[in-house]
Amino acid sequence: MRGIQLRVNGRDYEHEVEPRMLLVHYLRERLNLTGTMVGCNTSNCGACTVLVDGQSVKSCTMFAVQASGRGIMTVQGIATNGDWHPMQTAFHENHGLQCGYCTPGMIMASISMLQENPSPTEPEIREALEGNYCRCTGYENIVKAVQQVAQGS
Ligand code: FES
Ligand code: FES
């Protein structure tokens, strides 16, 4: 077992974990942050995307021990005082989800993208989200949601 200390959604945690434990399993099983989904466990689908020190990371590609000393943000930490993050509102308003399985990862990847490129073109949005799979929506309304936030409307 290895000791880790990290900050998740603004709260500090300290735990002993198996060195092989993936960050996504640590978030879900130890912190009960089940809003971060597991779709594939093999770095393909993007359902597990979180922010690590502000950067988008597929949390099934990182061990929990590698997250020690870092700041993690999950979809469950982005609302402020009960008010949705603008990206959550935009997904809701644009019907950017159906089953919702991909949505936490899509939202986190979209937030990260706009931090790097606040005014993306539609092709840039599609390219930035190419690591996040959605089996339901056909992506159209996801792209519209991101455009809405980028345009600040
Ligand atoms: S569960 Fe991590 S990329 Fe699919
Ligand atoms: S809404 Fe079902 S996978 Fe995207």
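Colleague: What makes M37, V38, G39 and A47 contacts of Y101?

Modeller: This is a predicted model, and contact in it means heavy atoms within 4.5 Å. Leaving aside neighbours within four places in sequence, Y101 meets that with M37, V38, G39 and A47.

Colleague: And where does Y101 sit?

Modeller: Y101 is in the loop between α2 (86-93) and α3 (103-116).

Colleague: Why is Y101 called partly exposed?

Modeller: Its relative accessibility is 39%. Buried needs under 20% and exposed needs over 50%, with partly exposed in between, so Y101 at 39% counts as partly exposed.

Colleague: How do you know that Y101 has a polar contact with V38?

Modeller: A polar atom of the Y101 side chain and the backbone oxygen of V38 are 2.4 Å apart. The cut-off is 3.5 Å for a pair of N or O atoms, so that pair qualifies.

Colleague: Which backbone oxygens does the side chain of N132 reach?

Modeller: One is the backbone oxygen of G46, at 3.1 Å. The other belongs to G105, 3.3 Å from a polar atom of the N132 side chain. Both values are within 3.5 Å, so both pairs count as polar contacts. Beyond four places in sequence, N132 is in contact with C45, G46, T49, G105, M106, A109 and Y139.

Colleague: What makes a group of residues a nonpolar core?

Modeller: The members are buried residues of nonpolar kinds such as Val, Leu, Ile, Met and Phe, joined through side-chain atoms within 4.5 Å. The largest core here has 22 residues, and M87, F91, I107, L129 and V146 touch the most other members. The elements giving two or more residues to this core are α2, α3 and α5 (140-151), and α3 gives the most, with seven residues. Another core lies apart from it, with 18 residues, among them L27, V50, A67 and I72.

Colleague: Which residues is L129 in contact with?

Modeller: Setting aside neighbours within four places in sequence, L129 is in contact with M106, A109, S110, M113, I142 and V146.

Colleague: How do you know that the span of α5 is close to the one expected?

Modeller: α5 has twelve residues and reaches 16 Å from its first C-alpha to its last. At 1.5 Å a residue the expected value is 16 Å, and the span is close to that. Just after α5, G152 takes a positive phi of about 70°.

Colleague: Which residues of α5 are buried, and what do they pack against?

Modeller: I142, V143, A145, V146, Q148 and V149 are buried. The buried residues of α5 pack against α2, α3 and α4. An α-helix has 3.6 residues a turn, so residues three or four places apart point the same way.

Colleague: Why are β1 and β2 called paired strands?

Modeller: Pairing takes at least two bridges, and β1 (residues 2-8) and β2 (residues 11-17) have seven, in the antiparallel sense, so they count as paired. L6 stands opposite Y13 in β2. In their hairpin, with two residues between the strands, N9 takes a positive phi near 50°.

Notes: Residues are numbered from 1 along each chain as its sequence is written. Chains are lettered from A and ligands numbered from 1 in the order in which they are written. This is a predicted model: local features need pLDDT of at least 70, side-chain atom pairs count only at pLDDT 80 or more; totals for chains, interfaces and linings use all residues. Side-chain values use heavy atoms; hydrogens and water are left out. Helices (H or I, at least four residues) and strands (E, at least two) are DSSP runs, numbered from the N terminus. Buried means under 20% relative accessible area, exposed over 50%, partly exposed in between (1.4 Å probe, protein chains only). A polar contact is a pair of N or O atoms within 3.5 Å; within protein, one must be able to donate a hydrogen and the other to accept it, and residues adjacent in sequence count only if both atoms are side-chain atoms. The expected span of a helix is 1.5 Å times one less than its number of residues.
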